[in-house]
Amino acid sequence: MRTWKIISFALSFIAIFTACRQREQTHRNHIVKTWVTTPDEHKLLRHDTILFTDAVDDTANVIHINTSQEFQNVEGFGYTLTGGSAMLINKMNDERKQTLLMELFGNNDDALGISYLRISLGASDLSPYVFSYDDLPPGLTDTALVHFSLGPDTVDLIPILRRIVSINPRLKIISSPWSAPAWMKENTSSVGGSLNREHYAVYAQYFVRYILQMQDRGIIIDAITPQNEPHHGGNNPSMVMSAEEQALFIKEHLGPAFASAGIKTKIVIWDHNCDEPDFPMTILSDAEANIFIHGSAFHLYADEVSAMSLVRNAYPNKALYFTEQWTGGKENFDNDFHWHLKHVIIGTMRNWSRIALEWNLASDPEFSIHTPGGCTECKGALTIDGDSVTKNVSYYIIAHASRFVPPGSVRVASTYPPHLPNVAFITPTGQTVLIVLNDGRDEHAFHVGSGSNWFMAELEPGAAATYVW
């Protein structure tokens, strides 16, 4: 009997020892890949690994991920390819240009992985000069659009877009006009003013011509907004448009024109700040306009990103997009990185956005490419000086998501401990991705749990990390 007890004890010991070794081996074989950026720029997407640990009982500093609770699909992360950005890239020598575009839009492990771009339909204020696709001398009109031409964009923007699409054919593009041609407007100026109602129909055809001619050049416009920042008429170019005017334009002209031409390009409304969620909701409440509208777009120069969820809760069948936020030439890396990670990347995604876009992709060292009255301090993700390229803060802001959260990923539920804003995703290949920011003044250690997978991490104040497993 005593012999059997000894044998039983030995077998139990062996079983426990084997289980421990197997668990240890499992932790060694299953690692979490990490990329960290610190506010002092000492670490810029610094790559490391973390081993899985045992589950913990400490609920105060734990991020729990529930992969069974899914939210919106992700369409991509990226920038606005302004006219100035395209011009700077296009002037680079051909080899350096291709290397840069591969780094930005390629799908290898070292590429930024940009999957979504915004462009201007005509000039933006970061174009080298003001233009539309149908400019005429004062007093003349062209209601048949005989003089319509993409000419100004065939020099830099379209050639660069064609290269980008050859690198990433899945790239999605949203296009926004800063203004209609001046002759279509009540004030006949590129600055401010409203679209003349007698030209609503021809302006709808202006969009149709644009989409079809871009398509002929191999560039598919996935979505448009009828007007960039329709309540900001002081830019050059710019145009104002009320919610009632935008609803009328869509339901009686733009929507029917797209349907008649067989155009599948999505119509996305608003494209302005979070302080006026009533604007898109007013349009969406119009049943005739609603049927043509895919969703609403937002910027965050006013109010809180949670306004996006107000629109989503009122119209859950409509998509949300975050299309613009700038970084300033006089701001420091620390402040911009912290604010944008919290609000543009984490905040927009937790409030149902399908995309997160920073403003201009590239600027020169003097921020000199802009229209008269255009932005004089808009810092690109890249500073391009001839063939020299410097990566700026918005490069790293977007990089914490774009490289790791490809189109087709799904946001999933994650808890939100104090000082640890975060957002989680499941990718199309089944990986879990978690983006975390330390929003506090002290270093924070925390645990992450997803099903049976657990790991511990720590971040210094203001630092952010992307975790992939």
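User: Why is strand β20 largely enclosed by the rest of the structure?

Analyst: In this predicted model, strand β20 covers residues 464–468. A residue counts as buried when its relative accessible area is under 20%. The strand is largely enclosed because the number of its five residues that are buried is five of the five.

User: Which residues of β20 lie on each side of the strand?

Analyst: Side chains in a regular strand alternate between the two faces of the sheet. Both faces of β20 are covered, with buried residues on either side. One side holds Ala 464, Thr 466 and Val 468, and the other holds Ala 465 and Tyr 467.

User: Which residue in β20 does Thr 34 stand opposite?

Analyst: Strand β1, residues 31–37, is joined to β20 by five bridges, and the two run antiparallel. The residue in β20 opposite Thr 34 is Tyr 467.

User: What is the bridge partner of Ile 384 in β14?

Analyst: Strand β13 spans residues 382–385. Its pairing with β14 is antiparallel, over four bridges. In β14, Ile 384 has as its bridge partner Val 389.

Notes
Residues are numbered from 1 along each chain as its sequence is written. This is a predicted model: local features need pLDDT of at least 70, side-chain atom pairs count only at pLDDT 80 or more; totals for chains, interfaces and linings use all residues. Side-chain values use heavy atoms; hydrogens and water are left out. Two strands pair if DSSP finds at least two bridges between them. Buried means under 20% relative accessible area, exposed over 50%, partly exposed in between (1.4 Å probe, protein chains only).
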